[in-house]
Amino acid sequence: MDIEDTRRRATASLDPSRRAELGQFFTPSAIASHMAAMFTPSGRPVRLLDAGAGVGCLLHAAASRMEVERIDAWEVDGNLVGPLSATLANTAVPFEIHHTDFVLDAARLLASGHRFDRAIMNPPYRKIGNTSVHRKALEDLGVKTVNLYTAFLATALLVMEEGGEVVAIVPRSFLNGLYHKPFRRFMLSHASLDAIHVFNSRRSAFSEDSVLQENVIVKLSKAGVQRSVVVSTSTDASFSDVHSSSSPFHAIVRPEDDNLFIRIPAGTADTDGASLAALGMTVSTGPIVEYRVRGSVTDDEAAIPLVTPKHLASSGFTHPSSLARANRLARGHAVDSDAWPIGDYVVVKRISSKESKRRILAYHLRSEDFDGTDVAFENHLNVFHSGKRGLPPSVAARLCAYLNSEAADAEFRSISGSTQVNATDLRAMTYPSCLAAGIEPEAV
């Protein structure tokens, strides 16, 4: 059976709007084979599930590498039941196709005592609405999450036997960010994190579908003892240049990190450094939302200078700028409370270009760059400060130099795979202790 031919024909036959609605991006055979190879050999026949089986690419790969007692496949799209049935019949393993939603079916599975030994998945990626049936079903299961792909992961863990393993290809976004913190807590309390594979290209996993998404493959063991984590990378889905290493869990999820960010070690991060708070500073999103202060925009040179990304370029900081919609804001209740005293600040654009060599682009704004007594920062910027006041000039200079270094870029990429640079991620970074006031800098 040519599973790749089946996958391509099924993809071509689907309605594009329906595909988008259901998040249907079928797994190429090379990725399916790699995922199947990540399972630990069982030594006995296993009960295998796929919570969103599509045409069965993942199940076919798994069944070809291990002894399987029974396959259970969930697929909500009736158009795929025929191809899926043909794929599973080719495995010569007893199977059952459940033409229903796996998350909504989880309560029945748990009540009936159905448990599984292995799960292999490429779950759908879609936000869960506050009033959706999935939200209510997950609440009944004690699961709090914001996206279907993490919902599928959570419910798969619930129906695993102790020691059961889940291998899934999912967006990288759950590794960091506050929205996914409840899921990370759930996942790490129910399973050990055994392995992560990272694709260095954002287009590589589902390139045929033009999906621009950071994806990772994760392996979890239900109620497993947490040991070192195998971290591997490859340029693309051909896996022709896989590099693999083992990292202690405390390097992946740092013990002091209440947000439980899951980091991808880059080998150059300063894990012995300090947090921003320990250095006496923090970073915040600029408080000025430009469209809310349109009525305050003025050309009066005595007004408060406003700093936006349009004032920042490779050549440095320019103010005023003809590129900016607003350069100054009139004083008044809509602005004054969000203006900070003139001082030395370090600012970082919240959105980095996909073509940019580094994710973090930092600028040192000096007190002499401004006139008057106050300055305002727009919310497309992250601002490093100390209690909403400027930093000592020498500290700001060292901080800016570090943020624009390869070491800082590696540390940031260990946390986030996104081109968005959020204050939460910048706060989660470790910084060289030499950045603190009164400490002589080492080379950064």
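Tutor: We may start with aspartate 371, which counts as partly exposed at 37% relative accessibility; buried means under 20% relative accessible area, exposed over 50%, and partly exposed in between (1.4 Å probe, protein chains only). The model is predicted, so local features need pLDDT of at least 70 and side-chain atom pairs count only at pLDDT 80 or more, while totals for chains, interfaces and linings use all residues. Residues are numbered from 1 along each chain as its sequence is written, and side-chain values use heavy atoms, leaving out hydrogens and water.

Student: With which residue does aspartate 371 form a salt bridge?

Tutor: A salt bridge is a side-chain nitrogen of Lys or Arg within 4 Å of a carboxyl oxygen of Asp or Glu. Here the closest N and O atoms are 3.5 Å apart. The partner of aspartate 371 is arginine 328.

Student: Is arginine 328 buried or exposed?

Tutor: The relative accessible area of arginine 328 is 11%. Because the limit for the buried class is under 20%, arginine 328 is buried.

Student: What separates arginine 413 and aspartate 409 along their helix?

Tutor: Helices (H or I, at least four residues) and strands (E, at least two) are DSSP runs, numbered from the N terminus. Arginine 413 and aspartate 409 form a salt bridge, with closest N and O atoms 2.7 Å apart. Both lie in helix 12 (residues 406-415), and because they are four residues apart there, their separation is about one helical turn.

Student: How many salt bridges does the structure hold?

Tutor: One further pair is glutamate 214 with arginine 359, both of them buried. The total for the structure is 17.
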